[in-house]
Amino acid sequence: MDRPLRLIAANPVDRLARVVEALLVVASQPLAVEDLAVAANDDAERIETALRLLGERYAEGRSGIVLEQVAGGWAFRASRDAAEACARLFERPVERGLSAAGLETLAIVAYLGPCSRPDIARIRGVAADSVVAGLVERGLIAEAGRDGDAAGAVRYRTTPLFERVFGLESLAALPRLDDLGGDADEIRARLEAVAEKRPA
Amino acid sequence: MIVRELELDLDAFEGPFDLLLTLVLREELEPAEVDVAEIVLSFCERLEEQGRLDLDACGEFLVLVAALLELKARGLFPEEELELSELEPEEAAEELARRLADYRRMKEAAGWLRERLDSESSRFFRLGPAPLAPRVERRLAPQDPEGLGAALRLLATEPPSVSLGHMALRFPPVSLFLERFRAVLRRRRRFDFDSEVGGLSRVEAAVAFLAVLELRKAGEVSLEQASSFAPIRVTRAGVEQKDQEWIARSA
């Protein structure tokens with residue numbers, strides 16, 4: 001006589017992993033470990049163990065679905081192998097036609113946020129109103145209080161969607177500002193290095 | 001080359017340079033919206049087309065564009081005007097270098113984001129509304145279906161219609177008072193208008209007065225009043241020759 005298939009895993013971690021998996025399938029945005037713990041009615045440490053298990057199962061190259069840590073939580077995305085097929089069926093409207101001005105403004109909000117439109121205008125040297133409105137519409141930035149009191153300028157910060165679109169675990173995953181070329185001496189040194197490398 | 005006629009095609013404005021300056025000076029166009037670098041590029045392109053250096057045009061352009069730049073700077077940093085004017089040239093240069101470095105860093109950051117966007121273009125995920133819908137537990141007090149029914153019944157009955165009667169004036173016909181006064185004058189030679197209309201409403205009294213005027217116009221009565229606001233005496237025509245003559249004169 002054949003042994004019956006064991007469809008239900010006896011291992012409690014495996015059982016928890018199934019619950020976490022289900023929650024992540026239902027969610028339309030990344031879920032933090034705390035959110036998962038509350039929903040699964042279990043403790044955070046065990047959730048992390050379950051996530052590790054799922055991470056192995058849903059790794060790039062092993063499945064069409066990939067589990068990733070992004071925007072301060074965990075979420076499923078399509079594997080990169082399937083990107084072409086996905087692109088034929090779906091668009092990535094958030095970043096379509098994102099201008100250089102939009103990216104500069106996004107960088108300012110990501111690094112210095114929450115910051116107001118006057119703050120952005122000070123750095124970029126042009127009024128930021130329409131660019132900011134465009135980014136808000138795309139859902140990449142959102143209002144985050146006001147300068148000073150209630151009458152102050154509206155401040156903006158980046159949204160979890162921004163981190164997700166750019167594949168950032170959190171804002172801390174951005175390169176350090178000091179590492180970006182802003183130092184006059186460093187810029188000069190880099191230019192000289194490029195000039196030296198260039199064949200005569 | 002005439003600098004003022006330089007055709008511009010900017011995000012915020014399209015037309016001759018002259019008009020742009022006029023609009024900025026009239027405060028109909030925000031200088032902060034004007035891309036000055038784009039204007040300089042347009043000018044340089046025109047200059048190149050000419051194939052020779054037009055010093056007059058360059059000088060004029062420099063003056064105009066410098067003025068525009070100053071207006072823009074004031075517009076962008078109104079609160080800093082004082083602060084910056086107090087800076088020594090050395091400090092101002094340092095401040096400028098610092099700001100340029102700040103901008104350069106952000107430009108580099110934007111470049112990094114662009115690269116990241118390109119490398120992540122194969123990232124597809126499910127998109128949904130930004131925040132999770134909060135689960136609000138609504139606690140309702142114990143409900144009484146009978147009470148709800150009674151409340152609905154109350155709402156379902158048609159409210160009594162409101163009378164608008166008081167809003168329109170009701171005028172009795174003048175003929176009513178004509179008949180009434182003729183009847184009085186058949187019995188008496190004269191009567192006092194005030195005592196005849198005593199007890200009537202203002203509207204009725206006014207219509208009665210119109211009736212008296214009608215009778216007077218038809219020559220059926222003569223009117224007397226000793227002074228303003230004194231009682232009006234209405235006398236049957238032909239009773240006093242004097243009155244009759246007066247009527248004839250005034251008619």
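Before I start on the strands, a reminder to myself: I call two strands paired if DSSP finds at least two bridges between them. I also keep in mind that this is a predicted model.

**Entry 1: the sheet in chain A**

I began with the bridge partners. Which residue of β5(A) is the bridge partner of A:Ser116? I found A:Arg155 there.

In chain A, 3 strands make an open sheet in the order β3-β5-β4, with antiparallel pairing. β3 (115–116) and β4 (141–146) of chain A are the edge strands, each pairing on one side only.

**Entry 2**

I then asked what lies across β3, β4 and β5 of chain A. The helix is α5(A), and I noted that α5(A) runs at about 90 degrees to β5(A).

α5(A) also packs on helix α7 (residues 129–138) of chain A; the angle is about 80 degrees and the axes are 10 Å apart. So I wrote down α5(A) and α7(A) as roughly perpendicular to each other. From α5(A), the residues I listed are A:Ala101, A:Gly102, A:Thr105 and A:Leu106, and they meet A:Val131, A:Val132, A:Gly134 and A:Leu135 of α7(A). By type, this contact has 5 nonpolar and 3 polar residues, and no charged ones.

I went on to helix α1 (residues 12–26) and helix α3 (residues 44–57) of chain A, which pack at about 80 degrees with their axes 9 Å apart. That makes α1(A) roughly perpendicular to α3(A). On the α1(A) side I found A:Val13, A:Leu16, A:Ala17, A:Val20 and A:Glu21, and the α3(A) residues they meet include A:Arg46, A:Ile47, A:Leu51 and A:Leu54. I sorted this contact into 9 nonpolar, 1 polar and 2 charged residues.

**Entry 2: chain A as a whole**

Stepping back, I counted 9 helices and 5 strands in chain A. Along the sequence, chain A reads α-α-α-β-β-α-α-β-α-α-β-β-α-α. Chain A has 200 residues, and 30% of them count as buried. For contacts in chain A between residues at least 6 apart in sequence, 49% join residues at least 24 apart.

**Entry 3: over to chain B**

For chain B I noted 10 helices and 5 strands. Of its 251 residues, 12% are buried. Among contacts in chain B between residues at least 6 apart in sequence, 58% join residues at least 24 apart.

I found an open sheet here too: 3 strands in the order β3-β5-β4 of chain B, paired antiparallel. Its edge strands are β3 (190–192) and β4 (221–225) of chain B. On average, neighbouring strands of this sheet are turned by 20 degrees against each other, direction ignored. β3(B) and strand β5 (residues 232–236) of chain B run antiparallel and are joined by 3 bridges. B:Arg190 has B:Thr235 in β5(B) as its bridge partner.

I also picked out one residue, B:Ala37, in helix α2 (residues 36–50) of chain B. Is B:Ala37 buried or exposed? I have it as exposed, because B:Ala37 has 10 other C-beta atoms within 10 Å and the cut-off for exposed is 12 or fewer. B:Ala37 and B:Val65 are 28 residues apart in sequence, with 9.7 Å from C-alpha to C-alpha.

**Entry 4: where the chains meet**

Last, the interface. I find 36 residues from chain A and 31 residues from chain B in the contact. Elements of chain A that give two or more residues to it are β2 (73–78), α4 (83–89), α5 (100–112), α6 (117–124) and α8 (160–165). The largest share of the chain A side, 7 residues, comes from α5(A). The chain A side divides into 21 nonpolar, 7 polar and 8 charged residues.

**Entry 5: confidence**

I jotted down ipTM 0.76 and pTM 0.53 for the model. Chain B has a mean pLDDT of 80, and 85% of its residues reach 70 or more. A caution for later reading: where pLDDT is low, the predicted coordinates should not be read in detail.

Key: Residues numbered from 1 in each chain as written. Chains lettered and ligands numbered in written order. Predicted model: local features only at pLDDT ≥ 70, side-chain atom pairs only at ≥ 80, totals over all residues. Contact = placed C-beta atoms within 7 Å. Helix = DSSP H or I, 4+ residues; strand = E, 2+ residues; numbered from the N terminus. Nonpolar A, V, L, I, M, F, W, Y, C, P; charged D, E, K, R; others polar. Axes fitted to C-alpha atoms, helices over the stretch in contact; angles between N-to-C directions. Parallel < 35°, antiparallel > 145°, perpendicular 65-115°, else oblique. pLDDT = per-residue confidence, 0-100. Buried ≥ 20, exposed ≤ 12 C-beta atoms within 10 Å, placed from the backbone.
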